[in-house]
Amino acid sequence: MHTSRRRFEQTRDESCNNCLALGNSCTYLHAPVKRGPKNLPPRSRRRTGRFWWFPDVISTIPRLIQDLKQKIATLEARLSAAVCSLCAQPLQTLSPPTTTMETTPTYESDQSTEDDDTDISEELSAQFRKVSIQLKGFSSESFGQVSNMQFVRAALAIQEKHKGHSSPAPLARPIYWDQTPWEKEFYDQQPCYIFPDPDLVESLLALYFTNFHPTFPLLHRDFFRQQVAEGLHLTNTKFGALLLAVLAVASRDSNDPRVTVDGNTLSSGWRFITQVQPVENFFDVTIHDLQFNCLMTLFYMGTSAPHTGWLYLGFAIRFLQYRGEHDRKRHGMKVVDELWNRAFWCIFILDRMISAFLGRPPALHKEDYYVDPPLEVDDEYWDHGFVQPLGKPSALSFFVNLVRLAEIMGDALRRLHNHPKLREVTAQQDIVAELDSLMNNFIDTLPSHLRWDPNKDQEGIFFDQAAMLHATYCYVQIVIHRPFMNKQISVPSTIICTTAARVELSVAEIWTNKLQRVPSPFLQNATFASAVVLLINIFSTRHAKMPLDVDKDRGLVEGGMKVLQVAETRWHAAGRRWELLNELQSLFRPSPTSHRGQELSCENSALGLPLSSYSQRLGGTNHQT
């Protein structure tokens with residue numbers, strides 16, 4: 001008898017485990033049957049090694065392959081004649097250029113791993129980067145490493161690794177991948193822009209590249225002017241919108257009545273900016289979209305709703321991230337790549353400055369971007385291999401150092417003002433000491449042509465840049481030490497803040513006196529903050545009965561108010577700041593003046609310039625208090 005049969009007969013009176021657990025009578029009365037392969041072929045046809053050998057079947061393989069080829073050809077012919085029931089397009093074209101999956105190499109990461117255990121991940125990543133998913137409006141850089149689309153790429157990479165070849169482009173249904181007819185109808189609407197007369201365009205472009213470009217180099221002067229001369233704004237709606245934004249920003253410094261609405265200088269540029277719709281076709285983000293939103297941010301900072309500029313800045317930041325420009329190193333030297341680089345850093349600076357003004361955390365953090373610093377090469381040398389002549393200071397050095405200051409400011413905002421976990425005094429003092437070290441290193445490494453010296457006869461853009469950079473430096477010092485003013489634990493912070501405020505107000509006074517033009521929003525904000533610091537210090541020292549040259553500080557505050565008075569002819573925010581300072585000043589002295597003309601008369605001007613006549617030349621004040 002078989003062993004299994006004997007074992008069953010010996011134990012058949014016993015119940016199985018399942019019946020014992022349920023308390024039932026066991027009905028398992030059959031012996032286990034040995035199972036195995038059935039209908040084995042004769043020994044001559046049994047498996048040898050890894051294969052089954054069927055000589056009669058092997059002889060038919062060529063005929064089977066030929067039959068399969070004929071069937072494939074027949075199916076392809078039927079497919080080419082078939083029509084999609086949704087879009088009525090031939091199925092042969094269901095994989096259009098805008099919706100494909102193709103294996104195209106992209107740039108490799110230059111970072112190396114430190115752990116040998118990640119070799120498999122690196123191998124998959126190498127395959128993974130070869131696969132790019134091209135969708136309508138999405139580039140291969142549109143999706144980050146944690147996106148769902150990266151899972152698709154990973155799956156394709158694994159498949160390619162195991163199969164040894166790339167996957168063919170899959171069929172796709174255009175209705176789910178392309179713009180729908182109703183969306184296309186909306187996005188394809190062509191705006192009808194009305195541009196000003198050529199002489200006004202030329203005048204405003206000259207103002208823009210003279211007054212704004214040296215301290216905010218968003219554009220490339222020669223390249224932009226060439227595009228305008230070629231009439232690109234007449235055929236490309238995105239460039240047309242960008243040109244209108246440039247004209248609107250430049251209108252802040254223009255005395256031409258054609259830039260205003262009914263002669264009110266606060267409306268300068270409004271007739272240009274309102275032609276542009278805030279929602280455009282976002283399926284194809286270009287450098288013009290980014291530059292446009294950057295300039296819209298600048299313009300709306302001067303309107304009665306300055307927070308609107310913050311929203312346009314949000315558009316610009318998302319465009320950067322959408323394009324992957326926040327995580328791109330420089331590969332080669334191309335004009336368009338450098339324009340993207342400049343645009344990123346301009347948006348970065350705006351993000352810091354507006355966040356400091358609003359008291360909100362910045363949107364771009366240093367761990368979220370990986371971008372090369374701007375090139376210190378002037379615009380005119382971009383056509384000469386991006387090489388600045390030896391011994392000639394670059395106008396872009398200002399921009400590079402302004403980025404450095406903006407990085408320090410962002411660090412201060414994040415770690416001192418918006419970080420709820422850093423409440424302990426010792427932790428805050430360590431952070432302040434670290435930031436002070438960065439500020440000292442900044443001023444020590446500043447190029448000579450950007451150092452501020454009121455006794456030095458600086459001319460041209462280097463005077464403008466040195467003044468703006470030093471005013472911003474003082475403002476960053478105030479941002480760092482402002483939380484610790486008038487606290488017993490940090491007397492040096494009060495001294496640093498008041499010293500920086502005095503220097504900034506002096507710089508703003510000299511700048512306005514010499515250049516005789518409307519201060520930029522950055523200078524307005526720094527001047528306002530500095531005046532508030534001195535007013536608080538005047539009140540605190542008087543309350544503590546400490547010795548202080550009140551008249552000198554009050555004169556600096558009045559000088560700052562005069563600077564804002566110049567700016568308020570074109571900027572709503574400047575007028576509001578003046579009102580606030582006037583109210584604060586009235587609280588800190590026994591007999592406040594009630595009329596602006598008395599408080600800001602030419603005879604008492606700390607600027608040493610005919611301010612009243614200058615304000616009238618700019619259009620005059622638009623309201624009295």
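Arg 221 is partly exposed, with a relative accessible area of 27%; here buried means under 20% relative accessible area, exposed over 50%, and partly exposed in between, with a 1.4 Å probe and protein chains only. Its side chain and that of Asp 222 meet in a salt bridge at 3.4 Å, N to O. A salt bridge is a side-chain nitrogen of Lys or Arg within 4 Å of a carboxyl oxygen of Asp or Glu. Asp 222 also counts as partly exposed, at 36% relative accessibility.

A word on the model: it is predicted, local features need pLDDT of at least 70, side-chain atom pairs count only at pLDDT 80 or more, and totals for chains, interfaces and linings use all residues. Residues are numbered from 1 along each chain as its sequence is written, and side-chain values use heavy atoms, leaving out hydrogens and water.

The structure holds 17 salt bridges. Here are some of them.

| Pair | N to O distance |
|---|---|
| Asp 222 and Arg 221 | 3.4 Å |
| Lys 392 and Glu 380 | 3.9 Å |
| Glu 434 and Arg 415 | 3.2 Å |

Lys 392 and Glu 380 meet in a salt bridge. Both lie in the loop between α16 and α17, so the pair ties together parts that are twelve residues apart in sequence. Lys 392 is partly exposed at 37% relative accessibility, and Glu 380 is partly exposed at 30%.

Glu 434 and Arg 415 form another salt bridge. Glu 434 sits in helix α18 (residues 425–444) and Arg 415 in helix α17, so this pair ties together parts that are 19 residues apart in sequence. Glu 434 is partly exposed at 38%, whereas Arg 415 is buried at 17%. These two also belong to a network of salt bridges that links Lys 366, Asp 411, Arg 414, Arg 415 and Glu 434.

Gln 388 is found in the loop between α16 (335–358) and α17 (397–417). At 13% relative accessibility, Gln 388 counts as buried. Its side chain reaches the backbone nitrogen of Asp 378 at 3.0 Å. Leaving aside neighbours within four places in sequence, Gln 388 has contacts (heavy atoms within 4.5 Å) that include Tyr 381 and Pro 393.

His 481 belongs to helix α19 (residues 460–481); helices are DSSP runs (H or I, at least four residues) and strands are runs of E (at least two), numbered from the N terminus. His 481 is buried, with a relative accessible area of 2%. Its side chain makes a polar contact with the side chain of Ser 493 at 3.0 Å. A polar contact is a pair of N or O atoms within 3.5 Å; within protein, one must be able to donate a hydrogen and the other to accept it, and residues adjacent in sequence count only if both atoms are side-chain atoms.

Helix α12 (residues 237–251) is mostly covered: 14 of its 15 residues are buried. Asn 236 caps the N-terminal end of α12, with a side-chain oxygen 2.9 Å from the backbone nitrogen of Lys 238.

**The whole protein**

Stepping back, the protein has 25 helices and two strands. Of its 625 residues, 44% count as buried. Among contacts between residues at least 6 apart in sequence, 70% join residues at least 24 apart.
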